[in-house]
Amino acid sequence: MKKNIMNFENVALNEQEDALIILDQTKLPCEIKMLHLKDLKDIWQAIYKLQVRGAPAIGIAAGFGLYLAAKNIDTNDYESFFSKFHEAKEFLNSSRPTAVNLSWALNRMEKIVINNHNKNISEIKELLREECIAIKTEDIFTCKKIGEYGLTLIKNGDGILTHCNAGQLATSKYGTALAPIHLGRERGMNFRVYCDETRPLLQGARLSTFELIADGVDTTLICDNMASQVMKNGWINAVFVGADRIAANGDSCNKIGTSGLAILAKYYGIPFYVLAPTSTIDMNISKGSDIIIEQRPSEEITEMWYEKRMAPNDVKVYNPAFDVADNELITGIITEYGIARQPFSKSLEEIFKSAKNNKRG
C-alpha cells in the first residue's frame, strides 16, 4: 500500500524514547524519512536546516524540544533548574529569527516555569509536558478553524494560487493557507490549485504539490515567474498564503516572493488572503519593516539543486528567506478567531479581544 503523506504526523513526542520525532522535509518528495532527535543540538539543527519547517510546526517542535531538555536537567534546586532551562530556551530560539511561533512557543513554555516557581522540579516538568502537548493539540483546532473561515471566501471549483508550503506539512493537521483546501476536500469539494515552485528552496514544488496530490486535489505546478500569466489567463479566483510573522498594522512577512504575488493580485483585482494563527501576529511590532529578515546561505541559490554549481564562484549572492507584503495589498487576514480586514490596526485588536474572550481551557 502506498504511503499517504496526509496520514503522517509531521511533529510528535515519543516519550518512551525521550525523542522528538519529525518528518524530514528536506528529503521530500523523493523519500519519507522520520528522524528521532534526542540531543538539543540536533533539534536546533533540524529547525535551522528546515528538516522541520512552517511556523506552527517549528513552534510545536521547539515546545517538545524544550520539554525534553528540561526533562534531562538533573537538579532539585529551582534556581539551578531555571538557569539551565533558560539557556536551553535561548539556544533553541537562536535557530531561526523571523518566524514568531518559535519564540512564542518557547516563551509559553518558560512562563510555566516562572509561574510555578513554588512547586518542586518534578511537578514543573510534568506541567511542561502538558504544555507542549497542548501547543500541538491547539494547533489542530486552530488550523481547522482557519480552514472554516477560509472556506467562506471560496466556492467549489475555484482556482487558488498559493506560495511556499503552508499546508499540513507545516502544521499538525490541515495547515493554514491550505486548510480551506483540505477541509473542503473532506466535504467533497474540488478546487484547482496552482503552486508556485518557491525558489530557492522549492517548498511549493517539493511539498505543497506532494500533499495536495495526496489529498486528491487538482494541482498544477508553475515557476514563480509564471504567476502573472496564470492570473492574466483568468485562472485564479483567490491567492492564499501563510505567514511567519504579522505586524500590528497587518504587514505580513512570509516566504520570499509573497510580496510580489500581492502586488500582482492587486493589479489583476484578485483577492489576496493571508491565513495564519493569532500566535503568528506580533502586536509588539508596529510595522513590517521592524521584522528581522533571516538571511540564508548562498549555496541554496548557487548549487543546492544542481549536479554542478550553476553560478560563478566569485558572484555575490543575496538570499533573504522572507519578504513583507504591505498591508494595503492584503484583502484579509484569516485567523482562528475570524477574518481581519482594513484597517488592520483596529481589526487585529478586535481579533485578539475575541481570542481572549474565547480562550479555550
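This briefing describes a helix pair, a pocket and some backbone details of one protein model. The model is predicted, so local features need pLDDT of at least 70 and side-chain atom pairs count only at pLDDT 80 or more, while totals for chains, interfaces and linings use all residues. Residues are numbered from 1 along each chain as its sequence is written, and side-chain values use heavy atoms, with hydrogens and water left out.

**Helix pair**

- The axes of helix H1 (residues 40-48) and helix H3 (residues 78-93) come within 9 Å and cross at roughly 25°, where axes are lines fitted to C-alpha atoms over the stretch in contact and angles run from 0 to 180 degrees between N-to-C directions; helices are DSSP runs (H or I, at least four residues) and strands are DSSP runs too (E, at least two), numbered from the N terminus.
- H1 is therefore roughly parallel to H3, a term for angles under 35 degrees.
- In H1, Leu-40, Lys-41, Ile-43 and Trp-44 meet Ala-88, Phe-91 and Leu-92 of H3, with contact meaning heavy atoms within 4.5 Å.

**Backbone details**

- The peptide bond from Leu-28 to Pro-29 is cis, with omega near 5°, and Pro-29 is found in the loop between strand E2 (19-23) and strand E3 (34-37).
- A cis peptide bond also runs from Gln-342 to Pro-343, with omega near -5°, and Pro-343 lies in the loop between strand E14 (338-340) and helix H11 (344-357).
- Tyr-174, a residue other than glycine, has a positive phi near 75°, and its place is in the loop between strand E4 (159-162) and helix H6 (179-186).

**Pocket**

- The second largest pocket is lined by residues including Thr-26, Tyr-48, Arg-206 and Trp-305; on a 1 Å grid over the protein atoms alone, a pocket is an open set of points where a 1.4 Å probe fits, with protein on both sides within 12 Å along at least five of seven lines, and lining residues have an atom within 4 Å of a point.

Technical notes: Parallel < 35°, antiparallel > 145°, perpendicular 65-115°, else oblique.
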